Amino acid sequence: MTAQFDSKGNLRHLLTLEGLSREALLQLLGRAGQIRDAAMGRVKRRGTLARVAVCTLFFEPSTRTRSSFQLAAQRLGADILNFDASTSSIRKGETALDTMRNIEAMGVRGFVVRHPDDQIVERLAEAAGEGTALVNAGDGRNAHPTQGLLDMMTLRQAKGADFSQLKVLIVGDVKHSRVARSDLHALRILGVGQIRVCGPANLLPEDDVLQGCQVGQDFDEMLEGVDALILLRLQRERMEEGLVRSLDDYHARYGLNADRLRRAAPNAAVLHPGPINRGVEITDDVADGPQSWILRQVANGVAVRMAVLETLLT
Ligand code: CP
């Protein structure tokens, strides 16, 4: 991913976690940890991005990512421009590239981009002017790097900084999940002891992203003794595509409930990137129960995104 780094090898855009060094990843997590209080609004907001304008350029819906980037930019003192594709000149046929260039011409230096097409954020980054930084907020099934970072931050809070003995299980529609890809890259970079991946055969990827993982289709078997579970959202269009028989069938085979959770290690951490399909990937009592770190993930998202914006824009 050449556009990600400048000629000196410094991070210029954040497009993917793949290929990031362990040091760079730990630096971002360390910075996020340091600014957690500012992220939660508990201490005076930092002004490190005063007079910098950041645009959230979203071509797909979002609650967590978009809101937390907006808060992150505000808490760093930036001007924030929220671009709404549904009411913009995209509706008249303007391209994503022309849209970015026009907003860039207004003096915006940071773009947080979500788009349904794989790789488009990289193409926009290649076209961005000197001094403009892009953050991939999710492109197609390719990458969602800040979700990967906030998931790692949450895992560290739940299980400590040494990942070498951890067993982590990723469950669900791995094939179509940009979250799973970013998590898999991050878990490998941080040297997790064992990565397990579980889901229906037709929702498991065939490329080398699963290299080195234990892969299986029996959720109960794969759950045995894991220290953390990352559940993935079942994208409902997979049912329309005939890849899932029914939501009830999916829940019976891959839904996490309190009985199943007992198979995992005591106090195993439960993560889910959201939005949750309650009663499909997870039951209410587990989603809202003592082992759930789901809302901590959301809180960590603000800190991680502050760290990323500060790193790229100062
Ligand atoms: N986790 C995540 O990307 O959520 P949103 O789609 O609400 O941003």
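Domain bounds in this text come from an automatic or database domain assignment. The model is predicted.

**Exercise 1.** State which residues make up domain 1 and domain 2, and how far apart their C-alpha centres lie.

*Solution.* Begin with the assignment: domain 1 takes in 2-143 + 300-313, while domain 2 covers 145-297. Next, locate the C-alpha centres of domain 1 and domain 2, which are 25 Å apart. Finally, consider the contact, to which domain 1 contributes 34 residues and domain 2 contributes 27 residues.

**Exercise 2.** Determine what area is buried between domain 1 and domain 2, and which residues of domain 1 lose the most area.

*Solution.* The buried area amounts to about 2400 Å², with 62% of it given by carbon and sulfur atoms. On the side of domain 1, the greatest losses fall on Leu17, Arg141 and Asn300, which together account for 29% of what that side buries.

**Exercise 3.** Find how many salt bridges and how many residue pairs in polar contact occur across the interface of domain 1 and domain 2.

*Solution.* The rule finds 1 salt bridge across this interface. Glutamate 60 and arginine 178 form a salt bridge; 2.8 Å separates their closest N and O atoms, and the cut-off is 4 Å. Polar contact across the interface involves 10 residue pairs.

**Exercise 4.** Describe the side of domain 1 that touches domain 2, by element and by class.

*Solution.* At least two residues each are supplied by helix H1 (22-34), helix H3 (64-75), strand S3 (108-115), strand S4 (133-139) and helix H13 (294-313). The largest share, 7 residues, belongs to H1. Sorted by class, this side holds 15 nonpolar, 10 polar and 9 charged residues.

Methods: Residues are numbered from 1 along each chain as its sequence is written. This is a predicted model: local features need pLDDT of at least 70, side-chain atom pairs count only at pLDDT 80 or more; totals for chains, interfaces and linings use all residues. Side-chain values use heavy atoms; hydrogens and water are left out. Contact means heavy atoms within 4.5 Å. Buried area is the accessible area (1.4 Å probe) that two parts lose on being put together, summed over both. A salt bridge is a side-chain nitrogen of Lys or Arg within 4 Å of a carboxyl oxygen of Asp or Glu. A polar contact is a pair of N or O atoms within 3.5 Å; within protein, one must be able to donate a hydrogen and the other to accept it, and residues adjacent in sequence count only if both atoms are side-chain atoms. Helices (H or I, at least four residues) and strands (E, at least two) are DSSP runs, numbered from the N terminus. Ala, Val, Leu, Ile, Met, Phe, Trp, Tyr, Cys and Pro count as nonpolar, Asp, Glu, Lys and Arg as charged, and the others, Gly among them, as polar.
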